[in-house]
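I am opening this notebook to record what I look up in a structure that is new to me. I will set down each point as I come to it.

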Amino acid sequence: MATNNILPWASGTDANVLTDADYASALAENGTYQNGVQTGQASSKQANKTWRQAVAPASGVAQFIVDNLGVDVSDSDAQSVFSARLANASIKLGQISPHNSAYATTVGGYKLNDIVSDASTPGVYWRSTVSNNLTVPGSSGSSWVSLLGDYATQEWVEDRGYATESYVQSGIIAGLGLAKYQSDPGYTTLPGGAILQYGTSASGSEGGGSVTFPIRFPTACISVNVSENSAGTTWPGTGSGGEPTVHGLSQAPATNGFTTYSMRWTGSSWVGQTGLGFSWIAVGY
């Protein structure tokens, strides 16, 4: 933890200092110390008051640096170091900071449209909907809304006929023909707007299964080919591998994926088989 070594002077409850009123009177015109301390005017209360007047704000500024930068501050620091740290602490203060209930109480609440980050969840931001806001973002009945909550949703954009994600995606694909994602599953695009997607999977319970494409086809998926990729080493098999298998689609493919069936020949009948591996290739635009 960073330490503030610019310590306050005479900060006790029974500090031996002049009161603010007496100090002001002594410094006023015709006051005892209007021209500073003169020979023979030594006063411990006056001296302590003067020192405290100088040190109190300096200690406060040093604490500001400690709180915002997390660095130690000492009276041995060079002037240039102190100045740079003060500037950096001020810059940091201008950034979006986490919600702080103690700060809100001190200033009488956050102002209307103040923006804070969530105190516990990174990447979440809140906007105050009222002035003098003392509520906590995310709590029941709070006067905060998600910073992005007021922006257009996908449904709002589509209802008004604006450029949707799929529209923009298809435009890029048609214009460049360069998009690709090399993985399993993966995809590549071809000049003219065609998209080729591919991957591997395995059948689920009783041979059923489903696959979700890496990206949605903007318009349509026109073809899906499914083939065996975990066949045994002998055929016909004896129940331990190598039996003939059939893989296919259980219904027409959608733009975002397809459903499959996988079956194995037992020697007398075809049965749905769990865990049969298969490869697939889909073409669309």
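Predicted model: local features only at pLDDT ≥ 70, side-chain atom pairs only at ≥ 80, totals over all residues.

Before reading on, I note that pLDDT is the predictor's confidence in each residue, from 0 to 100, and that contact means heavy atoms within 4.5 Å.

**Entry on confidence.** I then marked residues 233-239, where pLDDT stays under 50 and for which the model has nine contacts beyond four places in sequence.

**Entry on two helices.** I turned to helix α2, residues 44-69, and helix α3, residues 79-93, and found that their axes come within 9 Å and cross at roughly 55°. I wrote down that this makes α2 oblique to α3, and that the crossing of the two helices is left-handed. Which residues of α2 and α3 make the contact? On the α2 side I listed Val 61, Phe 64, Ile 65, Asn 68 and Leu 69, and on the α3 side Phe 82, Arg 85, Leu 86, Asn 88, Ala 89, Ser 90, Lys 92 and Leu 93. Sorting this contact by class, I have eight nonpolar, three polar and two charged residues.

**Entry on a three-stranded sheet.** I next traced an open sheet of three strands, in which the order is β1-β2-β3 and the pairing is antiparallel. I saw that β1 (115-117) and β3 (144-146) stand at the edges with a single partner strand each, so one side of each is left without a neighbour in the sheet. Neighbouring strands of this sheet are turned by 35° against each other on average, direction ignored. For the pairing of β1 with strand β2, residues 125-128, I noted three bridges in the antiparallel sense, and I found that Val 116 has Trp 126 in β2 as its bridge partner.

I followed strand β5, residues 186-189, to strand β6, residues 195-202, which runs antiparallel to β5 and is joined to it by four bridges. These two strands form a hairpin with five residues between them, and in the turn I noted Gly 192, which has a positive phi of about 100°. In β6, I found Tyr 198 as the bridge partner of Gly 186 and Leu 196 as that of Thr 188. How many bridges pair β6 with strand β12, residues 277-284? I recorded eight, in the antiparallel sense, and I noted that the bridge partner of Tyr 198 in β12 is Ile 281.

Key
Residues numbered from 1 in each chain as written. Heavy atoms only, no water. Axes fitted to C-alpha atoms, helices over the stretch in contact; angles between N-to-C directions. Parallel < 35°, antiparallel > 145°, perpendicular 65-115°, else oblique. Left-handed = near helix turned anticlockwise from the far one by under 90°. Nonpolar A, V, L, I, M, F, W, Y, C, P; charged D, E, K, R; others polar. Pairing = 2+ DSSP bridges.
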